Amino acid sequence: MISQRGVRLLTAHGLRESLQKAALSTTCANHKSYKLVVVGGGAGGCATAAKFSSKLGKGQVAVIDPANMHYYQPMWTLVGGGMKTLEDSGKPMSEVLPRKADWIKQKVVGFDPHNNKVITNEGQEINYEYLVVALGIQVNYDQIKGLTDALETPGVCSNYSPIFVKRTFKSLKNFKEGNALFTFPNTPIKCAGAPQKIMYISEEYFRKHGKRDKANIVYYTSLPVLFGIKKYADALWEVVKERNITVNLRHNLIEVKPDSKEAVFQNLDKPEELSNVKYEMLHVTPPMSSPDVLRKCSALVDGTGYLKVNKETLQHESFPNIFGIGDCTNIPTSKTAAAVAGQIGVLRKNLSMVMEGKTPDSAYDGYTSCPLVTGYSTCILAEFDMNGNPLETFPVNQAKERRSMFHMKKDIMPHMYWMGMLNGYWEGPKYVRKAMHLGFSK
Ligand code: FAD
Ligand code: UQ1
């Protein structure tokens, strides 16, 4: 539902009026104004700020983010496997945000889209002419009974947080014998391949360290499939069969009992059926949701709680001076940094057009990618669009496990992220794909 006020804002007159209101606000201790405010300085927010602060000049763009560190989260899979350290994956936020943008090191606690302002935890009101929401997705460890306590006990770990990721390699090293369980929750998550990547890495680790025959490896996923895109799911079924891994579909972790080292799973097709499974190692992917602060602003979100944007233009459905990028949006594609890379060029063009009073006309194709690491030297590079069709960069069968793709993931991608994407230079592999498929229709 679009509110009366939202409908009015959608008209050119309404937009002009509210922008004038924003521009009139003065800057004082508790009240600042910017041409563009970016909420969240992660992958999408930082790249957006880089693009627009160089275009609009110093003092015109603010990024609001309370975090000290900016993490390259895709590296956490490798941190979990002991191939990189947590320290390799992060840089101080002050070093990655663009110099021409003002960093407001506060947390956004409220949105007021009718009055073009956001409110911070320090009580500041930040006015904007244009807003980009890039808050990411929220991880909810506390939604699984017993999990937060269990994450302080041996063998329980999770690659989805800088607080817990170091526990994964420790659990691998300390593993002696028993069940090694890996979970996928009953909510949308970021990087839907990551819950199983660490399982393949663990399997190889156990093999290399002489404990594979003592390990029973089981994947419990809430999904009805191993992976959402058939081409890659078929390849992954071959991997699990070949490596003697058990897959339990439609099973959701609902409780962890650290005292007895048991995980409780619910069969989603027969909700009354619960199973208690002993673990020696338990890697948990927690349930996730849209950030609380966004969810509570009903004018901005859809029924699922995610920012309601046009899936092609990335412009908000009710407020034309608001755009969204990345994991916090309701764009129906898999939530990844690669998707953010695919979105950033569209956002650059469309937001610039709206700033010039034009109608946005660039369309995001839903490109996303998941480098499915299957061990210490192999990777299946899944790339697809929002209709679930493969959209591959390289003219080879990308469903095959390859060393080249592993090196791209481990050695090349981090540089592309820090130097290219966060500085506003990398907009995804669209042109590489076109060059690689010269003469074909992709
Ligand atoms: P984020 O990068 O998460 O940034 C959100 C920012 O918002 C953060 O800086 C946060 O501090 C800030 N924020 C939150 N709340 C507030 C608030 N109230 N006020 C102000 N600021 C706030 N992607 C890939 O492409 N390939 C991979 O191989 C891959 N592997 C992954 C493996 C793991 C284990 C994980 C965890 C993620 C992986 N991803 C991968 C996903 C990728 O990291 C995310 O999709 C990407 O970071 C999303 O970017 P974003 O800007 O939407 O959100
Ligand atoms: C990508 O662009 C990207 O963003 C920087 C990732 O995030 C880390 C990726 O994992 C991948 C695979 C891409 C796509 C890039 C190429 C060259 C296929």
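The model is predicted, so local features need pLDDT of at least 70 and side-chain atom pairs count only at pLDDT 80 or more, while totals for chains, interfaces and linings use all residues. Residues are numbered from 1 along each chain as its sequence is written, chains are lettered from A and ligands numbered from 1 in the order in which they are written, and side-chain values use heavy atoms, with hydrogens and water left out.

**Exercise 1.** Find out how many aromatic pairs the whole structure holds, and describe the one formed by Tyr72 and Tyr417.

*Solution.* Begin with the criterion: rings of Phe, Tyr and Trp (its six-membered ring) pair if their centres lie within 6.5 Å; planes under 30 degrees apart count as stacked, over 60 as edge-to-face and the rest as tilted. Searching the whole structure gives 11 aromatic pairs. Tyr72 and Tyr417 are 4.6 Å apart centre to centre with 45° between the planes, a tilted pair. Then check burial (buried is under 20% relative accessible area, exposed over 50%, partly exposed in between; 1.4 Å probe, protein chains only). Tyr72 is buried at 4%, and Tyr417 is buried at 4%.

**Exercise 2.** Classify the pair of Phe227 and Phe384 and locate its partners.

*Solution.* The centres of Phe227 and Phe384 are 6.0 Å apart and the planes make 85°, an edge-to-face pair. This pair also links distant parts of the chain: Phe227 lies in the loop between strand E12 (215-221) and helix H9 (230-242), Phe384 in strand E21 (residues 379-384), 157 residues apart. Both Phe227 and Phe384 are buried.

**Exercise 3.** Trace H12 and say where its kink lies.

*Solution.* H12 has a kink of about 45° at Ile412, shortly before the proline Pro414. Buried residues of H12 include Met405, Lys409, Pro414, Tyr417 and Trp418.

**Exercise 4.** Work out which residues come nearest to ligand 1 and which make polar contacts with it.

*Solution.* Take a residue as near if one of its heavy atoms lies within 4 Å. Of the 35 residues around ligand 1, the nearest are Gly44, Asp65, Asp327, Ala337 and Ala338. For polar contacts, look for N or O atoms within 3.5 Å. A polar side-chain atom of Asp65 is 2.6 Å from an oxygen atom of ligand 1, and an N or O atom in the side chain of Lys409 is 2.9 Å from an oxygen atom of ligand 1. The protein covers 90% of the 1000 Å² of accessible area that ligand 1 has on its own (Shrake-Rupley method, 1.4 Å probe). H11 gives the most to this shell, 3 residues.

**Exercise 5.** Repeat the analysis for ligand 2: which residues are closest?

*Solution.* Among the 15 residues surrounding ligand 2, the closest are Tyr72, Tyr367, Ser369, Glu383 and Trp426. A polar side-chain atom of Trp426 lies 2.8 Å from an oxygen atom of ligand 2. The protein covers 96% of the 440 Å² of accessible area that ligand 2 has on its own.

Technical notes: Helices (H or I, at least four residues) and strands (E, at least two) are DSSP runs, numbered from the N terminus. The bend at a residue is the angle between axes fitted to the seven residues ending there and the seven starting there. A polar contact is a pair of N or O atoms within 3.5 Å; within protein, one must be able to donate a hydrogen and the other to accept it, and residues adjacent in sequence count only if both atoms are side-chain atoms.
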